[in-house]
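Have the sequence and the model open side by side for this one. We'll walk through a sheet, the helices on it, and then the domains and some annotated positions.

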Number of protein chains: 2
Amino acid sequence: MTPPFHEFDLIQWIREQCPDSQTDLLGIGDDTAILQPLKDRELLLATDMLMEGTHFTLPPATPELAGRKALAVNLSDLAAMGGKPHSALVSLALPQSKGPEFAKAVMQGMIDLAQEFQVQLIGGDTNSWQGPLVINVAIIGTALQAQSVTRSGSTPGDWIFVTGKLGGSIHSHHLTFTPRVDEANRLSQSVTIKSMIDISDGLASDLFHILDESKVGAQINAAEIPISNRVTLDHPQTSRLQHALSDGEDFELLFTVSPEDGKRLVSQNPLQIKLTHIGEITQEQGAVLHHADGSRTSLKRTGWEHSLSGQKRND
Amino acid sequence: MTPPFHEFDLIQWIREQCPDSQTDLLGIGDDTAILQPLKDRELLLATDMLMEGTHFTLPPATPELAGRKALAVNLSDLAAMGGKPHSALVSLALPQSKGPEFAKAVMQGMIDLAQEFQVQLIGGDTNSWQGPLVINVAIIGTALQAQSVTRSGSTPGDWIFVTGKLGGSIHSHHLTFTPRVDEANRLSQSVTIKSMIDISDGLASDLFHILDESKVGAQINAAEIPISNRVTLDHPQTSRLQHALSDGEDFELLFTVSPEDGKRLVSQNPLQIKLTHIGEITQEQGAVLHHADGSRTSLKRTGWEHSLSGQKRND
């Protein structure tokens, strides 16, 4: 028979895995964590909730990969602001039937990624229930530059870039992707990033967040969209492009820079991963897809969005 | 037929309900929120997850009360540190079958409490699924004093106080309680609070957090424990006392002060609610309950705790 294992035992175990390494903090073990803010640094704050059956299924995901993903998606949000991760708060709803080893495995996956990105787990809330696994992470970061990179800084003429390759993340990449924190920081050192977002819902959805917030439009060269090998070659090319545009959960960076900075990035990619110039920001709103045969189509706002009334958006 | 209602519609609706009121923030509408930290102020951070069926049931709770409680429990954590609320991040897992009015009602209950306590909702994550309602709030506050009040500052001889009355919260109080933010701040202005916690798991559980972290013990006068009228008078007195000690979710403040400050609080209560001197901190560890008949019993560490393996703690 498994020995009894309780909330406070898990918290104690987590404390042991996460030695205090930052002297400006009171971490796990009080009603709140205490953070001594770095003077003259913007704080960046985000949160994401992952639910079993929606954002992952067990299997093929392991509890470690589910825990990893819950932190990774938050790191991706920080990357999109050009930020440096600092600390995280973690809430768990654990399926009672799965027992303590499952709970530890979820946290181990998260702790391993936290250590890789020097994130300290400073607090949280541990619960168990009859329902499926739910993990919430709230992340705290600091801006590396005087100002963080938002979605609203694009102006007409900007070149649009994307890191990595897109599409087909659902097979396993969404569980194992590397949040582009280091890449965002390296880009910030090379050029002035005018606006940026991470591709979580799909390029054809997330591009519109930049366009809406910046009050601009875009033209995208379809042939330049980097399609991942994860999208099977058995599909016709138009179908493969559609996957790259709307599969979502790529967690690559979509950003714009001035044409001068754009030329610099094209002539010398500062990253160790692919970097592609896929189009330009335009004065006229909306997004137009330019095809290799000279034809143009309107880029439709697609990609993943949670319907709150059981109906799927189709505009 | 209900018109389609989606994640971005709900986010837009929330943005409209929450006009930016603090100039040091970039709120809802980017990958992260941006917070310009107040210089020389400690930041306080906490998170709590509420799950339908565990922390509330619908009914008797309404969606508004569920949303309210999710913020209120976090405010209670901030109160326990002597902090001032600043902003919050909200994650939702919404039952798809309940539709958009349900989602708005959850948020309305939270927004109303947020405005009462001047908390700005600066970001979040909105999801829907086939499962029950899950709400996570991560709260950000600032310390009002040079140093926040932790659980670890008690020393032998301290007087132990509790605000309000305890027990029977399950009937409805746990949904409608007032987080003791103002009371904590008023106490801080009158005396030096040496350690403090909010009573979420029950006095007989939460007292031990102070004792453990401060490495001290306590003697508690059983007859002084303020038992709420919510605990039915039909029970015998020992059973009523047990409810007050271990029901949990009172969200009152349990704190210690020096004997001098204690005498000041007894002679003039600075609060508009009941304030009771229930015992003293002792050198020897453990907690002893002193009864009116002169007998003494060991106070057992009870109260609510999530079992992660389907077995209940009974030490």
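How many residues of β10(B) are buried? The answer is 5 of its 5, so the strand is mostly covered, where buried means under 20% relative accessible area, exposed means over 50%, and partly exposed lies in between (1.4 Å probe, protein chains only). Before going on, some ground rules: this is a predicted model, in which local features need pLDDT of at least 70 and side-chain atom pairs count only at pLDDT 80 or more, while totals for chains, interfaces and linings use all residues. Residues are numbered from 1 along each chain as its sequence is written, chains are lettered from A and ligands numbered from 1 in the order in which they are written, and side-chain values use heavy atoms, with hydrogens and water left out.

Back to that strand. B:L253, B:F255 and B:V257 point one way from β10(B), B:L254 and B:T256 point the other way, and all of them are buried. On one hand, β10(B) runs antiparallel to β7(B), joined by 4 bridges (strands pair if DSSP finds at least two bridges between them). Here B:F161 has B:F255 as its bridge partner. On the other hand, β8(B) also pairs with β10(B) in the antiparallel sense, again over 4 bridges, and B:I197 stands opposite B:L254. The strand and helix names are DSSP runs numbered from the N terminus: helices are H or I with at least four residues, strands are E with at least two.

Over to chain A. An automatic or database domain assignment gives domain 1 (7–143) and domain 2 (159–298) of chain A. Their centres, taken over C-alpha atoms, are 28 Å apart. Contact means heavy atoms within 4.5 Å, and 17 residues of domain 1 of chain A are in contact with 16 residues of domain 2 of chain A. The area buried between these two domains is about 1400 Å², with carbon and sulfur atoms giving 63%; that area is the accessible area (1.4 Å probe) that the two parts lose on being put together, summed over both.

Finally, an unreviewed UniProt entry lists A:G124, A:D125, A:R151 and A:S200 under "binding site", and such annotations may be inferred rather than shown by experiment. These positions span 77 residues of sequence and are also spread in space, up to 31.4 Å between C-alpha atoms. A:R151 is in the loop between β6 and β7 of chain A and counts as buried at 12% relative accessibility. A:S200 is in the loop between β8 and α6 of chain A and is partly exposed, at 23%. Leaving aside neighbours within four places in sequence, A:S200 is in contact with A:D206, A:G248, A:E249 and A:F251.
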